[in-house]
2 protein chains.
Amino acid sequence: MLEARLREAALLKRLLDSIKELVTDANFECNEEGISLQAMDNSHVALVSVKLDALGFQRYRCDRPIPLGVNLASLTKVLKCAKDDDICVVKCSDDADVLNLTYEARSSDRIAEYDLKLMDIDSDTLGIPDTEYDARVTMPASEFTRIVRDLSQLGESVRIEVSKEGVRFASDGEAANGNVLLKQTESAREKYKDYGKDQEEPEPKEEGDDDDDEPKEEDDEDREEGSSKGKKKVKKEKVGGKVKKEAADDVDMDDADEDEDKEKSDDGEEEKDSDDEDSSSKKRKRPTTNGKPAKKAKKGEQGGAPADDGGVFIEMNQHVALTFSLKYLVNFSKSQTLSNTVQLMMSSDVPLLCSYKFGQGEIKYYLAPKIGEE
Amino acid sequence: MLEARLREAALLKRLLDSIKELVTDANFECNEEGISLQAMDNSHVALVSVKLDALGFQRYRCDRPIPLGVNLASLTKVLKCAKDDDICVVKCSDDADVLNLTYEARSSDRIAEYDLKLMDIDSDTLGIPDTEYDARVTMPASEFTRIVRDLSQLGESVRIEVSKEGVRFASDGEAANGNVLLKQTESAREKYKDYGKDQEEPEPKEEGDDDDDEPKEEDDEDREEGSSKGKKKVKKEKVGGKVKKEAADDVDMDDADEDEDKEKSDDGEEEKDSDDEDSSSKKRKRPTTNGKPAKKAKKGEQGGAPADDGGVFIEMNQHVALTFSLKYLVNFSKSQTLSNTVQLMMSSDVPLLCSYKFGQGEIKYYLAPKIGEE
DNA sequence: ACGTGATGAG
DNA sequence: CTCATCACGT
C-alpha cells in the first residue's frame, strides 16, 4: 500500500512536464525511501532518473516496494486536472491496477479524485555507477536553458568545454557558428560551495516539519537551510568537517581554495554521513533547499550575496570537452521549472550528468557524448 | 575592416524583426557614414531601405566600404541569441567571409560570439530619387499599426486619402467596408513641425550632407542648414524655437522637451562631446531624437499635452488619394518597435514612402500604389 | 500560467 | 485542407 501526500500538486505537474516528452511510459518505483523513476528516453539515447524523497511529502507511507507503471501522457492529463496549489494525495493498494490521485483544494471545499490505470512496464532499471567527474559546473538553470536554446538554432550539437577560463558552449551550423563563454562568478563560488552536499542530510528530526516545503528561506545566509539553530547545529556536527569550514567563513566565505577539497570530500562524505546516522533512523535525508524551485523563486538576495540571480561555479580536476546533442539538452532544460540551479558534470568519454535538485528530490539526466568530432 | 559597437543588441533585433519577412537576403553596405541596407521585398513589390548612422554606435570604424551579404533569417537567428541589453559588437575583416557578432552581458561574465556566414548578393541598389511629396502624414506608429491591421481583416487593400479634412484609410471587403478618419491634432502640429528635419544636418564637413534623404523640409523654419557650429547646439536652438510656441500654450510641453533632450543624451556619450565641439570631429549628423524607439517608449506624458501618445500632423500641398496593398502595410507597421512615430508620404502615382525614424537611423519602405480602383 | 504559432493527423 | 495537439515565447 502506498500513500503519499504532497503539499502542492504543482511539483508533480512540473515533474511530468519535464519528462513527458522524453519518456512515454515508466515505472514509478515506490519504497519506504520515497518514489523514484528511471527510464531511457524513447530513442534510448538519454536516461532520466527522478527521486522524490519520502521526507518531501507531508505524509508518506509505503509498506512494501511497488512499481507503478504509468503512461506519462495519461498521468499528465490527470495532473492537469489539479490546480497548482491543490494538496495531492497519491494512493495505491497493493493489488490495485489503478493509481488513485486526490486533489484537495486548500480550502478543502473541493475534492477531486482520479484513478489512473496502471500498466506493466519492463523495468530495465540499470544501476548507474557513482562516477567521480572531472568537471562540475553549477549555474543558473535559466542561463543553461537560454544557451542551449540559442545554440540549438544554429546546429545539432554543442561542444561543452570546461577549462580554467570558464565553461564554453560552442556550436557550428550551416549558417553560423556560435559560442558562449561563461566565466566563473566570484560570488557563485561562495554560494555554491556546498551545493548538493547537504542534500543527504540526516535529520534528527522525525518528520515533524513535514509541510515545510521550503525550509530554505534564509539560506542565503549560510547557503543551505540554515533554518533553525537546532537544525543547523545538528547539521554542523554531523557534517562536521565540511560544515565547520563554512562556519569559519561565515563571515564571508573567504576561502576559495577550500572549495575543492570540500567538493571532493563531499562526494564521499555524504554517503558516509548517511551511513552513520541513517542506518539508525529511517529518514536519511532532508529535503534540501538547494535548487530553489521556481515556484518560490523570488527571494530577496542580500547585499553582495547573489542569491538566485545566478553566477557560475566551476569545479574542475581536469580540462574536459565533450560534444552533445542539443535536442536532448533542450529537453533537459525544461526542468528549470523545478530548480533555479543546474549542475553539469562531465568526464571524458562518459555520459554527461545534468542534475536539477529541488526541495523534495532531484532529477538527473544522463546523455552520452557524441563520439566523432562534430 | 568593420567594427561597430552597439549599446543595446535590441536595436538590431528589432530591426531584423521589421524586415525579415519582407526580404530574405540583403547587403548591409558599410562605409564610414554608417551601415545601410536597401532591398526589394521577395516579390519585388516593395522596397525597404535602412540607415544606421555611424554616430549611433558607441564605437564605429569602417576603413573602407564593404557590402555584407547576409541571409536575414540566419542573422535573425543569431540575433535571437543576444539578450536585449547585451552590448553588441559587429566585426568583419576585409577579407573575411563571416560576420562576427559578439554579445557581452552588462556584467561581462558572459560573452557570446557568433560567426555568421556571408554570401554574395547582387546588389541592385537602385537610387531612389528624392521626391517631393504632395502630402505627408506624421502619426503615432501604434495608430498606424492598428488601422492597417484592422482594415486588413476586411479587405486586401486600403485607400489612403489625405485632404483638408484629415487622413482617411478606407477598405472594402466582402463582408464589410470600413474606414478610419484621422483629423489633425492641433498639438501635433507643434510637435512634429520639425520632425525629420534635423536629421539632415548639414555639417561643415568635407563630404557634405549628401545623404540627406529628405531635403524638402525647409518649409517650416530654416533650422537645418544653419548649423555651422556644434550641431547639437544648433539643434537646441532649433528645438527652442519650436518649443517656444508650445510653451506659449502649454507649460506641460516643456516637459516633453526635456524628455527629448534627455533622450538624446542617452543615446551615446559622444554626444556630449559633440556639444562642445563637433565641428572638428567627423560626425556630421546627430542621431536624432525624433521617433522614440520603443525601448524607451514609456514616458510619462503630462496632463493635457500629448507627449508621445501621438497626435496626427498633416502637411499637404494637394489632395492625394492612393490605394495600397494592406498586406505590405501591415508588414511595414512592424517597425513600430523602432519608433513611436511614423510618417507616410504620398504623391499621385508614385510609391508611398513610409518612414520610421529612430535614434540611430531610419527605416523607409516604399510601396507602389495599386492602379485600378480597388 | 497564458496565448500564439507550428506541426502532425484525419 | 481542416482540426487538434504540442511546444515555445511572452
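**Notebook: salt bridges, core and sheet**

I started at B:Arg64, which is partly exposed, with a relative accessibility of 41%. The model I am reading is predicted. I then looked up the partner of this side chain: B:Arg64 and B:Asp94 meet in a salt bridge, N to O 3.4 Å. B:Arg64 lies in the loop between β5 (59–62) and β6 (66–71) of chain B, and B:Asp94 in the loop between β7 (87–92) and β8 (98–104) of chain B, so the bridge ties together parts 30 residues apart in sequence. B:Asp94 has a relative accessible area of 33% and is partly exposed.

Next I went to B:Arg110. Its side chain forms a salt bridge with that of B:Asp86, N to O 2.8 Å. I placed B:Arg110 in strand β9 (residues 110–117) of chain B and B:Asp86 in the loop between α2 (72–80) and β7 of chain B; the pair links distant parts of the chain, 24 residues apart. Are these two buried or exposed? Both B:Arg110 and B:Asp86 are buried. I also noted a network of salt bridges that links A:Glu143, B:Asp86 and B:Arg110.

A:Asp17 is partly exposed at 36% relative accessibility. A:Lys20 is partly exposed too, at 30%. Over all chains, I logged 28 salt bridges.

**Core**

Which residues touch the most other members of the largest nonpolar core? I found A:Phe169 and B:Phe169, in a core of 156 residues. Leaving out residues up to four places away in sequence, I listed the contacts of B:Phe169; among them are B:Met139, B:Phe144, B:Ile147, B:Leu151, B:Val180 and B:Leu344. B:Arg159 and B:Asn179 are also among the residues that B:Phe169 touches.

**Sheet**

I traced an open sheet of 9 strands in chain B, in the order β6-β2-β3-β4-β18-β17-β16-β10-β14, with antiparallel pairing. β6 and β14 (313–316) of chain B stand at the edges with a single partner strand each, so one side of each has no neighbour in the sheet. Neighbouring strands of this sheet are turned by 15° against each other on average, direction ignored.

Strand β10 (residues 135–140) of chain B is joined to β14(B) by 4 bridges, and the two run antiparallel. B:Arg136 has B:Glu315 in β14(B) as its bridge partner. Helix α3 (residues 141–152) of chain B packs on the sheet and touches β10, β16 (341–346) and β17 (352–358) of chain B. I noted an angle of about 100° between the directions of helix α3 and β10(B).

Methods. Residues are numbered from 1 along each chain as its sequence is written. Chains are lettered from A and ligands numbered from 1 in the order in which they are written. This is a predicted model: local features need pLDDT of at least 70, side-chain atom pairs count only at pLDDT 80 or more; totals for chains, interfaces and linings use all residues. Side-chain values use heavy atoms; hydrogens and water are left out. A salt bridge is a side-chain nitrogen of Lys or Arg within 4 Å of a carboxyl oxygen of Asp or Glu. Buried means under 20% relative accessible area, exposed over 50%, partly exposed in between (1.4 Å probe, protein chains only). A nonpolar core is a set of buried Ala, Val, Leu, Ile, Met, Phe, Trp, Tyr and Cys residues joined through side-chain atoms within 4.5 Å. Contact means heavy atoms within 4.5 Å. Two strands pair if DSSP finds at least two bridges between them. Axes are lines fitted to C-alpha atoms, for helices over the stretch in contact, and angles run from 0 to 180 degrees between N-to-C directions.
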